[in-house]
Amino acid sequence: MDKISYIKWEPKYSVGVEILDEQHRKLFDIVNDLIDEIEMGSKNLLPVIGDLVAYISVHFKQESIVMMESNYPGFMKHSREHRDFTEKVQAFLQKYEQGDAELGLKMIVFLKEWIFNHTTRLDIEYAHHLKDNADKLKTPQE
Ligand SMILES: [Fe+2]
Ligand SMILES: [Fe+2]
């Protein structure tokens, strides 16, 4: 099996709000830790997945605050994406906890792809809006 490639945050993925960029970088780091775990043949991915789920919920809340502050018109759609993702991860976790170890690799590939695509595409959509509405933001940009 080929090694799963890491994901790398780049300045071009910046959403223009430092706390969110910092969270994105940390999310990428946790995903890369998960990739290491599975490459090392870890039988228990739950601790790192637990970290990831907890951090994602913090991040989604912070993103919601920024989107609301700036009256982002895509807020509902964006929140739905976050919610669907959270539900999918919960379902994965439930099956994994019930002993479906085969699921580990599939779950990690899904997490990696979703987080990368969401951060570098959908999050960038609100970044454009933030740029034009920076005066409304209470969250500092730097
Ligand atoms: Fe995000
Ligand atoms: Fe998002």
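1. The iron ion (ligand 1) and the iron ion (ligand 2) sit 3.5 Å apart. E63 coordinates both. H59 lies in helix α2 (residues 46-69) and D123 in helix α4 (residues 103-132), so this pair ties together parts that are 64 residues apart in sequence. Note that this is a predicted model.

2. Four residues coordinate the iron ion (ligand 1): H24 through NE2, H59 through NE2, E63 through OE and D123 through OD. The distances run from 2.0 to 2.2 Å. Along the chain, the spacing of these donor residues reads H-x34-H-x3-E-x59-D.

3. The geometry at the iron ion (ligand 1) is irregular, with angles of 83 to 168 degrees among the four donor atoms. A tetrahedral call would need all angles between 85 and 135 degrees. Water is not among the atoms, so sites may look incomplete.

4. H59 counts as buried, at 2% relative accessibility. D123 is buried as well, with a relative accessible area of 0%.

5. Helix α1 covers residues 18-39, 22 residues in all. From first C-alpha to last, α1 reaches 32 Å, close to the 32 Å expected at 1.5 Å a residue. Just after α1, G41 takes a positive phi of about 80 degrees.

6. The iron ligand H24 is among the buried residues of α1. Others on that list include D21, Q23 and N32, along with L20, L27, F28, I30 and V31. The cover over the buried residues of α1 includes α2 and α4. Helix α2 holds H59, and helix α4 holds D123.

Definitions and conventions. Residues numbered from 1 in each chain as written. Chains lettered and ligands numbered in written order. Predicted model: local features only at pLDDT ≥ 70, side-chain atom pairs only at ≥ 80, totals over all residues. Heavy atoms only, no water. Donors = N, O, S within 2.8 Å, 3.2 Å for Na, K, Ca; no water. Tetrahedral: all angles 85-135°; square planar, octahedral: opposite > 155°, others 65-115°. Helix = DSSP H or I, 4+ residues; strand = E, 2+ residues; numbered from the N terminus. Buried < 20%, exposed > 50% of the residue type's maximum accessible area, 1.4 Å probe, protein only. Expected span 1.5 Å × (residues − 1). Contact = heavy atoms within 4.5 Å.
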